[in-house]
Amino acid sequence: MFRFEHVSQQPLEDLNFTIEKKDQVILFGPSGAGKSTLLFLLNRLNDPEKGTIYFKDAPISEHPVTELRKKVGLVLQAPNLFPGTVLDNLKYGPSLFGEWQEEDGRRLLDYVQLPSSYLERNVDQLSGGEKQRVSLARTLANSPDVLLLDEPTSALDYRTAEEIEEVLEGLIQEHELTMVMVTHNLNQARRLGTRGLFVADGKLQEDGTIPEMLENPETERLREFLEQ
C-alpha cells in the first residue's frame, strides 16, 4: 500500500519500509524523533526532501491531494472540528465529492457509539471525548482505506481514552482498515498494533511485530528506550 524508498525529511533520514494493506502499525520512539513528521508524509501534509513514497504502486505525488486525503484519513491529538453542528462536520468531506446521503449521519454516529440526537448538537457543547468521537466519524465519512492517528487519546482521561480505543479497535476490524498510529503509550501499542516502527536519532531503528519488539528488542537503542 505504501512504500518508502530512501525517504528523508528532517529529522528523519533514509527511510526504507513498506506498509501492507490491513497492517496495524504503531510508530513509537522518543520525543522529537520525527514520528508525526513520518505520519504526515503519508497524506502529504509533509512532502519528503529526498526519496520517493509510493501509494498503491504510484508515486504519492501523482495522487491529487484531495483524493489522497479522502483515502488516507487523519485524526489528530486535538479534535480539530469546524464551528457549527456535528452534522455540519460529518457531511463536509463527502459533500465535496457529492457523496453525502441523509442516512449517513446516523450511521457514522452509530460507528463511534454516539446517539443520532447529537447530529444537531453544536460542537462547542461536546466534551473532549465526544469531540474526538466526532472527529473520528468525520474521517470515516470519507470511507478511507487508511487511518492515520496522531496520539488520538493522549489528551483524554483514562476512561475516555479506553472507550475511544475500543471504538477504534471495532472500526479497524469491521472496515478492514490499514492503521498507522503514533503513540507514546506502550500498553496502547500492545492493544491496538500488530507491527511496530521504532524511530530514534533520525533513523528507523527497528521494524517488527509489536509483542516481540517490546519483549525482545534487537537493538541497544530500543532496549534503552524501553528501560527509561
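I take helices (H or I, at least four residues) and strands (E, at least two) as DSSP runs, numbered from the N terminus. The model is predicted, so I note that local features need pLDDT of at least 70, side-chain atom pairs count only at pLDDT 80 or more, and totals for chains, interfaces and linings use all residues. Residues are numbered from 1 along each chain as its sequence is written, and side-chain values use heavy atoms, with hydrogens and water left out.

Four strands make an open sheet in the order 2-1-4-5, with antiparallel pairing. Two strands pair if DSSP finds at least two bridges between them. Strand 2 (12-19) and strand 5 (58-59) are the edge strands, and each pairs on one side only. I then checked strand 1 (residues 2-9): five bridges join it to strand 2, and the two run antiparallel. Gln-9 has Leu-12 of strand 2 as its bridge partner.

**Entry: aromatic pairs**

I found six aromatic pairs in the structure. Rings of Phe, Tyr and Trp (its six-membered ring) pair if their centres lie within 6.5 Å; planes under 30 degrees apart count as stacked, over 60 as edge-to-face and the rest as tilted. Phe-28 and Phe-225 have ring centres 6.1 Å apart and planes at 50 degrees, so this pair is tilted. The pair links distant parts of the chain, 197 residues apart: Phe-28 is in strand 3 (residues 24-28) and Phe-225 in helix 9 (residues 220-227). Are these two residues buried or exposed? Phe-28 and Phe-225 are both buried. Buried means under 20% relative accessible area, exposed over 50%, and partly exposed in between (1.4 Å probe, protein chains only). Ring pairs also link Phe-28, Phe-198 and Phe-225 into a cluster.

**Entry: around Tyr-92**

I located Tyr-92 in helix 3 (residues 86-96). Why does Tyr-92 count as partly exposed? Its relative accessibility is 44%. Phe-82 is also partly exposed, because its value is 33%. Phe-82, Tyr-92, Leu-96 and Phe-97 form a nonpolar surface patch with about 380 Å² of accessible area together. Such areas come from the Shrake-Rupley method with a 1.4 Å probe; for residues, only the protein chains shown count as cover. Patch residues have over 30% relative accessible area and no salt bridge; like charges are joined within 9 Å, nonpolar side chains (Val, Leu, Ile, Met, Phe, Trp, Tyr) within 5 Å. A salt bridge is a side-chain nitrogen of Lys or Arg within 4 Å of a carboxyl oxygen of Asp or Glu.

**Entry: charges over rings**

I found Arg-138 over the face of Phe-82, 4.5 Å from the ring centre. Arg-121 lies over the face of Tyr-118, at 4.0 Å. The test is NZ of Lys or CZ of Arg within 6 Å of the ring centre and within 35 degrees of the ring normal.
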